[in-house]
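Hi there,

Here is the model I promised to pass on. Have a look at it first, and my notes follow below.

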Amino acid sequence: MATPLRIRTDEPSLRSPSRRHGGGESLFRRASTAAGVLLLLIMAAIAVFLVVEALPALRANRGNFLTTLTWEPNGSQSFGIAALAFGTLVSALLALLLAMPVAIGVALFISHYAPRRLAGVLGYVIDLLAAVPSVVYGLWGVVFLVPAVQGPFRFLNEHLGFIPLFGGDTVAGRSMLTAALVLAVMILPIITAVSREVFLQVPRTHEEAALALGATHWETIRIAVLPFGRPGVISAAMLGLGRAMGETIAVALIFPATFDISLRILTPQGNSIAANIANGFGEATPIGRGALIASGLVLFVITLLVNMGARLIVARRREYSGAAA
Amino acid sequence: MTGIQRVSAGRRLKDRLIRSLVYLSFVVAVIPLIAVLWMVIRNGLARFDVEFLTHSMRNIGARDVGGGAYHAILGTLEQVLLASAISIPIGLLTAIYLVEYGQGTRLSRMISFFVDVMTGIPSVVAGLFVLAFWILVLGMPFSGFAGALALSILMMPTVVRSTEEMLKLVPNDLREASYALGVPKWRTIVKVVLPTSLSGIVTGVMLAIARVAGETAPLLLTVFFTDSINRNPFTGPQMGLPLYVFDQASRPTDSAVDRAWAGALALILIVMLLNLAARLIGRWRSSARKR
């Protein structure tokens with residue numbers, strides 16, 4: 001201690017630093033608060049302006065927006081969301097069904113099977129799947145997947161055609177199942193990432209207790225890891241579902257853009273709200289644009305509900321694990 | 001052999017079975033990645049030449065050979081730059097509010113929740129919103145800037161989330177040390193908190209840029225199509241690289257599909273480079289930490 005401590009109470013900046021920087025402080029605080037509020041306003045504005053622009057078209061609609069199966073806002077001005085909403089839900093659920101087992105497997109692989117050193121790199125590889133732009137998946141789907149799946153689809157149709165899902169007279173590459181396959185690849189990274197996080201959060205003591213009781217690796221995962229991770233996995237699935245429903249360009253290139261409701265996923269039919277917007281926007285009249293905006297509003301509301309549900313599950317989980325810690 | 005009874009054959013078999021299923025699932029997940037990258041590189045190289053990078057599609061029909069994506073690459077760079085200029089300041093300030101000022105208040109909880117929800121907005125809805133608000137209600141023209149607005153809506157929540165995580169990692173000791181020296185809060189944030197977390201924030205921002213650079217749907221509804229070079233993002237239709245790929249892919253001729261692949265290759269190169277750079281910055285930071 002070479003220099004003794006001196007407290008200089010006469011130094012004005014020590015006593016009231018806020019006087020010198022008062023302007024900066026309140027400006028900064030206000031700016032950051034305003035930015036946060038702006039985000040909320042944008043969310044509200046999205047809802048408001050979609051409604052405003054959709055209303056004229058909805059009024060001009062000669063059909064019933066909820067039940068009409070056709071989409072002819074440009075010509076006969078009769079359009080309905082039913083077939084599109086059905087296609088959106090079915091393709092997204094199908095994609096989820098295909099992606100879930102793989103995603104959980106990959107998440108377990110990275111969190112509990114792969115060597116620690118490799119785990120980070122392997123996780124990054126899976127994240128790269130998310131980095132591929134959706135239009136590239138679409139291109140790949142149309143040029144490669146659509147011709148490639150025709151053989152297997154015909155096989156399914158011939159041998160399992162008694163199941164209505166695989167039934168139908170014609171089998172095509174541009175079908176619901178192909179779109180679902182591409183969607184499954186696209187939502188795999190997000191489901192994996194969220195599941196991996198929760199699997200890594202499992203308290204080590206739970207796993208060690210299971211191992212100490214003589215459980216095998218798999219039994220440890222079944223009795224310690226999976227029950228703990230279940231809410232996280234559910235919300236991961238819902239986030240993936242939201243993604244799949246909003247996915248546009250990839251499915252716009254693959255769907256044959258038909259307007260019927262059918263569960264025959266191998267036949268050349270299928271469409272979704274988002275794909276219809278991408279395909280129909282170019283030739284849309286003002287009423288047509290309004291109709292597309294109305295369908296976008298439906299998509300917005302559905303994905304909003306799914307996402308909010310997912311986030312609420314995560315939030316509740318966080319509180320719970322916080323209390324337990 | 002120890003005295004402990006060995007695991008029965010049935011249980012051991014099940015364990016092995018699950019283990020191979022788990023390994024298999026990873027292989028299944030990697031197959032599409034490799035398949036997509038391989039096809040893009042193999043098919044993209046056919047037309048990935050000087051002409052492709054320096055020419056537009058003006059006066060070139062779907063059947064014609066030649067033509068390029070210069071107009072689209074230029075458009076994408078401008079749109080992404082503008083979107084970053086809009087969303088990065090807003091995103092950073094929001095994150096600062098959430099971590100430094102709003103802790104625990106109702107407003108901050110609400111913002112935090114809606115930022116999460118906003119990450120799930122379908123990109124096509126962001127495009128529709130800008131179409132409805134900017135082009136239909138305000139009467140603005142289709143332009144690169146309108147596309148940038150749509151992209152910034154998709155970018156903001158990602159920037160907020162990643163920045164928030166990074167700011168939370170800054171130890172409170174640093175902040176308190178700064179306060180103890182009489183430094184006001186805002187200067188503490190600007191001079192201590194932000195520099196400490198800078199590389200992490202940069203990583204997050206670059207990942208956000210990489211994500212929106214590949215978005216097609218919002219551009220489709222806001223910048224429209226053009227085959228010509230438009231350097232000014234504020235007037236008239238512009239092109240974007242993802243849009244270019246979509247446009248060429250929906251034309252059923254071989255030369256158009258070749259152009260689509262070359263465009264996809266250019267797009268993947270841009271996105272992957274951004275991604276790689278972001279990860280390297282992140283890694284460099286964590287190794288600097290350890291030292």
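Let me start with helix α11 of chain A, residues 273–280, which is mostly covered, with 7 of its 8 residues buried. Buried here requires 20 or more other C-beta atoms within 10 Å of a residue's own, while 12 or fewer make it exposed and anything in between partly exposed, with C-beta atoms placed from the backbone. The buried residues of α11(A) are Ile273(A), Ala274(A), Ala275(A), Asn276(A), Ile277(A), Ala278(A) and Gly280(A). Helices (H or I, at least four residues) and strands (E, at least two) are DSSP runs, numbered from the N terminus.

A word on conventions: this is a predicted model, with local features needing pLDDT of at least 70 and side-chain atom pairs counting only at pLDDT 80 or more, whereas totals for chains, interfaces and linings use all residues. Residues are numbered from 1 along each chain as its sequence is written, and chains are lettered from A and ligands numbered from 1 in the order in which they are written.

Next, a helix pair in chain A. The axes of α3(A) (residues 82–113) and α9(A) (residues 217–246) come within 9 Å and cross at roughly 140°; axes are lines fitted to C-alpha atoms, for helices over the stretch in contact, and angles run from 0 to 180 degrees between N-to-C directions. That makes α3(A) oblique to α9(A), since angles under 35 degrees count as roughly parallel, over 145 as roughly antiparallel, 65 to 115 as roughly perpendicular and the rest as oblique. Among the residues making the contact are Ala92(A), Leu96(A) and Ile104(A) of α3(A), and Val225(A), Gly240(A) and Leu241(A) of α9(A). Contact means C-beta atoms, placed from the backbone, within 7 Å. By class, this contact has 14 nonpolar, 3 polar and no charged residues (Ala, Val, Leu, Ile, Met, Phe, Trp, Tyr, Cys and Pro are nonpolar, Asp, Glu, Lys and Arg charged, and the others, Gly among them, polar).

Between the chains, the contact takes 74 residues from chain A and 75 residues from chain B. Helix α2 of chain A (residues 17–60) gives the largest share of chain A's side, 23 residues. That side divides into 52 nonpolar, 18 polar and 4 charged residues.

Finally, chain B has 11 helices and 0 strands. Its C-alpha trace spans about 75 × 65 × 35 Å along the principal axes. Of the 291 residues of chain B, 51% count as buried.

Happy browsing!

Notes. Contact = placed C-beta atoms within 7 Å.
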